[in-house]
Amino acid sequence: MKVILGLGNPGREYEHTRHNVGWMVLDHLAGVWQFSAWRKVNGVATRLVKPLTYMNLSGQVVKPWLRRPFWAAQKDLLVVVDEVQLKLGTWRLRANGSAGGHNGLKSVEHHLKSQDYPRLRIGILPEDVRREVGDLSEFVLAPFGKAERRQLDEELPAIRAAIETFVADGITAAMNKHNEIGRA
């Protein structure tokens, strides 16, 4: 079973914030794929997971999967997360790597005891270089502006295609086919 783990924070006050991009992607997938808990995507059993803990504890949700026979985070998990180092409208698939200061990824790494798991980082940095990010926690917990949200929504079909390639063919195939499209 493939697990697509979207990172975000629970609660209405966080629903449309930059830090909840992972949840926004999962909501898009659930709508397009028309499922609630799990279903087959490209013939592969797939589950969408939105942790109900806050971002810095979100890795707890992977613990039950680690006990499943034949399931391995290196091939069966894709973490979808916001990335302040990438401009809005860009995204990047990676097979492994560091948390890069992201508390949600730090939590996932802590529970996996490894940095060896695929992730999809979605850019949230404003394209206008004159716009200051300021305090990072305030920035990521602020909602997208209307134009920013429209730009994110325009990327969702390409992001979905990349995730579908991951489910069907793995992270290497997804990176080879889609990272150029993500322009990052």
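The structure is a predicted model, and the protein in it has seven helices and six strands. Read from the N terminus, these elements follow the order β-α-β-β-α-α-β-β-α-β-α-α-α.

**Surroundings of helix α4**

- Directly after α4 comes K113, a residue whose phi is positive, near 60 degrees.

**Overall dimensions and surface**

- Taken along the principal axes, the box filled by the C-alpha atoms is roughly 50 × 30 × 30 Å.
- Buried residues account for 48% of the 184 residues, while the accessible surface of the protein comes to about 9200 Å², with 50% of that area belonging to carbon and sulfur atoms.
- Of the contacts between residues at least 6 apart in sequence, 71% join residues that are at least 24 apart.

**Nonpolar cores**

- The largest nonpolar core has 32 residues, and those with the most contacts inside it are I4, V25, L93, L120, I122 and I163.
- At least two residues of this core are supplied by each of α1 (21-33), β4, β5 (91-94), β6, α5 (136-140), α6 (146-169) and α7 (171-178), with the largest share, seven residues, coming from α6.
- L120, one of the residues with the most contacts inside this core, is in contact with L78, V79, V80, V81, W91, R92, L93, I159 and I163 when its neighbours within four places in sequence are left aside.

**Loop residues with positive phi**

- N42 is found in the loop between β2 (38-41) and β3 (44-49), and although N42 is not a glycine, it has a positive phi of about 55 degrees.
- F70, in the loop between α2 and α3, likewise has a positive phi in a residue other than glycine, with a value near 70 degrees.
- F70 counts as exposed because its relative accessibility is 78%, which lies over the 50% cut-off for exposed residues.

**The buried loop residue N9**

- N9 lies in the loop between β1 and α1, and N9 is buried because its relative accessible area is 5%, which falls under the 20% cut-off for buried residues.
- Not counting residues up to four places away in sequence, N9 touches Y14, H19, N20, W23, Y54, M55 and L141.
- N9 and R119 are 110 residues apart along the chain, and their C-alpha atoms are separated by 18 Å.

Definitions and conventions
Residues are numbered from 1 along each chain as its sequence is written. This is a predicted model: local features need pLDDT of at least 70, side-chain atom pairs count only at pLDDT 80 or more; totals for chains, interfaces and linings use all residues. Side-chain values use heavy atoms; hydrogens and water are left out. Helices (H or I, at least four residues) and strands (E, at least two) are DSSP runs, numbered from the N terminus. Buried means under 20% relative accessible area, exposed over 50%, partly exposed in between (1.4 Å probe, protein chains only). Contact means heavy atoms within 4.5 Å. Accessible areas come from the Shrake-Rupley method with a 1.4 Å probe; for residues, only the protein chains shown count as cover. A nonpolar core is a set of buried Ala, Val, Leu, Ile, Met, Phe, Trp, Tyr and Cys residues joined through side-chain atoms within 4.5 Å.
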